[in-house]
Amino acid sequence: MIEVKNIQKKFGDKVVIENVSAMMKPGQCNLIIGASGSGKTVLMKCMVGLLTPDQGEICYQGESYFSMSQEQRTSIRKEIGMLFQGSALFDSLTVEQNIMFPLDMFTTDSDSQKLKRVNEVLERVNLKDVNRKFPAELSGGMKKRVALARAVVLNPKYLFCDEPNSGLDPQTSLVIDKLIKDLTVEFNITTVVNTHDMNSVMETGDYILYMYQGKKEWEGTRKDIIFSKNQLLNDFIFASEFLKDAKDMRMLEETGKMPNVRNMDELTRP
Amino acid sequence: MGLLSDIGRFLLMLKGMFKRPEKASMYWKELMHQCVEIGIGSLGIVAIISVFIGAVSTIQTAYQLVSPLVPLTTIAQIVRDTVILEFAPTLVCIVLAGVAGSRIASELGNMRVSEQIDALEIMGINTKTYLILPKIAAAMLMIPLLVMIAMALGIWGGRLAGTAAGIISPNIFDKGLAADFLPYNVFFALVKGYVFSFIISSVPAYYGYYVRGGALEIGRASTKAVVVSCVLILFADYILSALLL
């Protein structure tokens, strides 16, 4: 579990995050959403310790990260996996070497054990025959999947994903979302996802934190979003007419005034 | 103020490098990789420059020593001392500042802007120790070796050019090489090699590690790293000459 307590972060005189608090639980996808410049990435960087907040605390399992010794911080970081917006794969290493890197650094496993684990996670993210390829030879979606494989290769307790769908087509985005969701549930990971993608919000968001101009504007579940009266949230999430219609339909489904078409599809599928 | 802040951050970067490695074998692997990149990767250009510098030194020295009273062995002595004292350590290191220095700055800069350094930090790896220390250590191991090779090749180039141009026979050149040879000069050249190799590796590492922005900033950081390294090499050359000669 990760607790964010009254975090404040300034760059010069500009307050980027102001008194943000949240509780991120294990086994669920915790989403941070908001417009560009609303402080999502800064909040995530504070959470993983890449930035130090000016005020407030980030607690991992009840222990304040910034009050820990360097050794404790290092051991917490070994339990963190992170999927970066640009994948952040090591250019000079092959896919296999990229995924094996954390194993090489932090385990004493034999080469064959490490290779077995690499192949397991590659299979888990639905990638085959890419072991010897370099990141430059992969598509954007494949890079994200390799980065996800690297992030989970050490079985992290915490998974952070910074805009996992940026630059991906809708179909690949769905694959990435599903992978993140499945891994979160399967390994009971506390997953924090920073996203703009409304599809991700509605499909994977177990807990959603909406940031507006550095402040926490709203929090709740994806079901709560449908019924939320918060104007800023509604303007952000249901920006287009199409999405407004989709919201109305989802509201009718949730209140039982209209049958859930997606569930019926599931039921009638041969 | 900017200069003081840069110096302070540079010193903090150096201090931050000396942390216990997470796994010694991985650091050893990285050190060997950097030794190959810096040492073997620069060998070709060092060899070419050294041979030609030695050759030009012989021809130009012979051109200026027109008096029949000056023995021909003097040409070899001048070429030897010039190559050992100045050309091999200083000129080669200035070239290496361009070759290896810009590579270090752009490699680290690219890793910074593409969040690879952040990825390593998140894994719990001390990036200063893992990325910078092996580069500095490899430079300090390999560059003095390259300086030694440059000395040998420079003198050989001078001998070859002297013979080819009919200025000085190989026997007389060899005789001149052995005359009044001071081993201290080699020691002095190696001291310069060590100091310059630290500059060549640490200054570009600093500019690359702390780069902010995108591709344009990486290019700027790389250029700045080379310029600052060259100026510091020349400054250190003057200080070392004043102190040790």
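Predicted model: local features only at pLDDT ≥ 70, side-chain atom pairs only at ≥ 80, totals over all residues.
In chain A, an open sheet is built from six strands, arranged in the order 6-7-8-3-9-10, and its pairing is mixed. Strand 6 (80-83) and strand 10 of chain A form the edges, each pairing on one side only. On average, neighbouring strands of this sheet are turned by 15° against each other, direction ignored. Strands of a sheet pair through backbone hydrogen bonds, in either a parallel or an antiparallel manner. Within this sheet, strand 7 (residues 158-162) and strand 8 (residues 190-195) of chain A run parallel and are joined by five bridges. Across this pair, C161(A) stands opposite V193(A), the latter lying in strand 8 of chain A.

Backbone torsions were also examined. Most residues other than glycine have a negative phi. N19(A), although not a glycine, has a positive phi of about 45°. This residue is found in strand 2 (residues 14-24) of chain A. N19(A) has 14 C-beta neighbours inside 10 Å and therefore counts as partly exposed, since the partly exposed class lies between the limits of 12 or fewer for exposed residues and 20 or more for buried ones.

A positive phi, of about 50°, is likewise found at Q213(A), which is not a glycine. Q213(A) is located in the loop that lies between strand 9 (207-212) and strand 10 (215-220) of chain A. Strand 10 is also an edge strand of the sheet described above. With 15 other C-beta atoms within 10 Å, Q213(A) is partly exposed.

How values were computed: Residues numbered from 1 in each chain as written. Chains lettered and ligands numbered in written order. Helix = DSSP H or I, 4+ residues; strand = E, 2+ residues; numbered from the N terminus. Pairing = 2+ DSSP bridges. Axes fitted to C-alpha atoms, helices over the stretch in contact; angles between N-to-C directions.
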